[in-house]
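Subject: Structure handover

Hello,

I am passing on the structure below, as you will be working with it from here. My notes come after it.

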Amino acid sequence: MSQVLEQRQQIRELVEQLPNETLQDAILLLQGLSHHTQHRTRELELLAIAQRHLPLSQQERWLALRDKLEQETLTEREHQEFLTYSDLLELWNAERVEAVMELAKLRGIEFKTLYQALTPQAAIN
């Protein structure tokens with residue numbers, strides 16, 4: 001029997017040994033543990049969204065295209081590539097703001113504080 005199965009069996013045996021008057025307390029304890037696990041899982045999902053970024057090679061390409069745009073030397077194909085990157089980054093930024101808002105709410109802290117903590121300094125300046 002695997003360790004997890006043994007642990008689950010041990011929990012069942014312990015629950016069976018509880019006096020009836022403590023069953024409600026046991027239920028509340030287990031619900032609290034379950035909620036904590038779900039809460040932590042959601043936090044990790046939100047952090048993944050908030051910290052999402054392009055791979056380095058694509059970041060470098062987007063920056064090169066942005067420089068060419070500023071210099072007005074983009075070809076039509078490069079312009080379309082730049083727009084594709086820009087649309088993706090705009091979408092990710094909107095999703096990032098939503099994720100940080102939800103994460104701040106879950107953690108009971110101000111959005112601005114968490115947003116600044118999760119935003120690299122180079123992106124702020």
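The notes below go from the chain as a whole to single residues.

This is a predicted model, in which local features need pLDDT of at least 70 and side-chain atom pairs count only at pLDDT 80 or more, while totals for chains, interfaces and linings use all residues. Residues are numbered from 1 along each chain as its sequence is written, and side-chain values use heavy atoms, with hydrogens and water left out.

Overall shape

The chain has 6 helices and 0 strands (DSSP runs numbered from the N terminus: helices are H or I with at least four residues, strands E with at least two). Its radius of gyration is 24 Å, well over the 14 Å that the globule rule gives for 125 residues, so the chain is more spread out than a compact globule. That radius is taken over C-alpha atoms, and the rule is 2.2 Å times the number of residues to the power 0.38. The C-alpha trace spans about 80 × 40 × 20 Å along its principal axes. Of the 125 residues, 18% are buried (buried is under 20% relative accessible area, exposed over 50%, partly exposed in between, with a 1.4 Å probe and protein chains only).

Salt bridges

The count comes to 8 salt bridges, each a side-chain nitrogen of Lys or Arg within 4 Å of a carboxyl oxygen of Asp or Glu. Three of them are described here.

- Glutamate 43 pairs with arginine 107, with the closest N and O atoms 3.6 Å apart. Glutamate 43 lies in helix H2 (residues 23-50) and arginine 107 in helix H4, so the pair ties together parts 64 residues apart in sequence. Glutamate 43 is buried at 9% relative accessibility, and arginine 107 is partly exposed at 35%. Arg40, Glu43 and Arg107 are linked in a network of salt bridges.
- Arginine 61 and glutamate 81 meet at 2.8 Å, N to O. This pair links helix H3 to helix H4 across 20 residues. Arginine 61 is partly exposed, at 26% relative accessibility.
- Lysine 68 pairs with glutamate 78, the closest N and O atoms being 2.7 Å apart. Here too the residues sit in helix H3 and helix H4, 10 residues apart. Glutamate 78 is buried at 9% relative accessibility, whereas lysine 68 is partly exposed at 26%.

A backbone detail

Glutamate 72 lies in the loop between helix H3 (56-70) and helix H4 (76-107). Its phi is near 60°, a positive value in a residue other than glycine. Most residues other than glycine have a negative phi. Glutamate 72 counts as exposed, at 74% relative accessibility.

Regards
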